[in-house]
Amino acid sequence: MVTAIEPLLREQLVERRQRLEAAIDILPDPPEIIRLLGEVDAALQRMDKGVYGLCEVCHEPVETERLLADPLIRFCLGDLTPTEQRALEEDLQLAAQIQTGLLPQHDKKVPGWDVAYYYQPAGLVSGDYCDFIDGDDHSLHFVLGDVSGKGIAASMLMAHLHAMFRTLISINLPLGEMIGRASRVFCESTLPTQYATLVYGRTGSEGNVEICNAGHPPPLLIQADKVSRIEANGLPVGVFCSESFSVSKVQMQKGDTLFLYTDGLSESSDGTGDEYGMDRLSRLLDENKSLSPNSLIKLCREELNSFAEKSATDDLTLMAIRRTD
Ligand SMILES: [Zn+2]
């Protein structure tokens with residue numbers, strides 16, 4: 001993996017070297033710049049020797065995400081000094097706080113609808129995206145997504161999606177067109193390997209709901225006589241820069257509930273390789289269709305806890321939206 005990104009990092013290092021050299025004469029602290037120049041040169045030498053990106057203590061590859069963030073690092077996460085570890089933890093805590101600030105309020109009131117969500121990062125930060133946004137026309141927009149990758153890099157992309165949709169919503173485009181635009185912006189501003197699966201929905205005043213499923217595990221529509229899946233309308237956003245998305249339309253009656261989740265639920269494993277899966281989820285929802293969104297999410301978490309291995313390895317987000325009149 002390191003070799004794949006090495007040309008890119010080499011380019012960055014060479015550029016950084018040029019900037020540092022230019023700064024030596026004009027900045028007040030030449031010794032500090034000379035020290036930084038030394039670090040850049042040492043990294044370039046490691047590339048020439050073919051040992052770039054290997055930890056200097058254990059000789060295992062350093063985490064790619066960290067190299068992309070700082071091409072000068074020389075130690076894997078397990079071999080950081082205590083001071084470095086503390087600084088990293090503080091950064092992560094701060095990132096987690098910022099991410100929590102991007103989540104919708106938990107007691108959100110929406111006329112005609114009862115909504116709830118649960119958001120649990122596997123680590124300190126999550127690559128899941130979850131949002132409720134009020135539309136101009138009293139509609140409710142709801143989004144649940146899952147960004148490729150994990151950790152800090154994924155959480156940055158989550159913040160990117162958040163800002164993008166909050167901006168796009170004000171233009172009031174047809175739903176499919178809005179997702180198409182979001183996909184183009186996401187594609188143009190991220191690395192080729194980065195994309196996001198997501199479900200974007202918009203409620204109408206008569207219980208009609210438009211949903212675009214961009215490559216995400218199907219949301220479930222719980223109705224009096226059945227539980228049905230809302231299958232994908234297209235690829236994940238950001239895979240291609242010129243994707244188009246169609247939209248599914250569903251009619252929800254009083255008491256109907258839409259249930260959305262990330263693969264932290266459906267692909268959660270019991271330790272023997274058995275996945276929680278959609279059939280189990282459908283059955284659970286079918287047997288408990290009278291529950292409120294909050295209770296349904298609570299029940300689902302309890303059931304997942306008794307099914308899955310102790311520590312979650314993937315971010316988990318659940319969302320339920322029920323029509324109340
Ligand atoms: Zn190491």
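Biologist: In this predicted model, what spacing do the donors of the zinc ion follow along the chain?

Modeller: The donors of the zinc ion are spaced as C-x2-C-x17-C-x2-D. They are Cys55 (SG), Cys58 (SG), Cys76 (SG) and Asp79 (OD), which coordinate the zinc ion at 2.0 to 2.3 Å, and an atom counts as a donor here when it lies within 2.8 Å of the metal.

Biologist: Why does the pair Cys58 and Cys76 tie together parts that are apart in sequence?

Modeller: Cys58 sits in the loop between helix H2 (30-49) and helix H3 (64-69), while Cys76 sits in the loop between H3 and helix H4 (82-101), so the pair links parts that are 18 residues apart in sequence.

Biologist: What makes the arrangement around the zinc ion tetrahedral?

Modeller: Four donors count as tetrahedral if all angles lie between 85 and 135 degrees. The 4 donor atoms around the zinc ion subtend angles of 103 to 117°, and therefore the arrangement is called tetrahedral. For comparison, the ideal angle for four tetrahedral donors is 109.5 degrees.

Biologist: Which residues make the contact of H5 with H6, and of what classes are they?

Modeller: On H5 they include Leu157, His160 and Phe165, and on H6 they include Met178, Arg181 and Ser189. By class, this contact has 10 nonpolar, 2 polar and 1 charged residues.

Biologist: How do you know that helix H8 and helix H9 are oblique to each other?

Modeller: H8 (residues 277-287) and H9 (residues 293-307) pack at an angle of about 140°, with their axes 11 Å apart. Since roughly antiparallel would need an angle over 145 degrees and roughly perpendicular one of 65 to 115, H8 and H9 are therefore oblique. Their crossing is right-handed, and in it Arg280, Leu281, Leu284 and Leu285 of H8 meet Leu296, Leu299, Cys300, Glu303 and Phe307 of H9.

Key
Residues are numbered from 1 along each chain as its sequence is written. This is a predicted model: local features need pLDDT of at least 70, side-chain atom pairs count only at pLDDT 80 or more; totals for chains, interfaces and linings use all residues. Side-chain values use heavy atoms; hydrogens and water are left out. Contact means heavy atoms within 4.5 Å. Helices (H or I, at least four residues) and strands (E, at least two) are DSSP runs, numbered from the N terminus. Ala, Val, Leu, Ile, Met, Phe, Trp, Tyr, Cys and Pro count as nonpolar, Asp, Glu, Lys and Arg as charged, and the others, Gly among them, as polar. Donors are N, O and S atoms within 2.8 Å of the metal (3.2 Å for Na, K and Ca); water is not among the atoms, so sites may look incomplete. Four donors count as tetrahedral if all angles lie between 85 and 135 degrees; four count as square planar and six as octahedral if opposite donors are over 155 degrees apart and all others between 65 and 115; anything else is irregular. Axes are lines fitted to C-alpha atoms, for helices over the stretch in contact, and angles run from 0 to 180 degrees between N-to-C directions. Angles under 35 degrees count as roughly parallel, over 145 as roughly antiparallel, 65 to 115 as roughly perpendicular and the rest as oblique. A crossing is left-handed if the near helix is turned anticlockwise from the far one by less than a right angle, and right-handed if clockwise.
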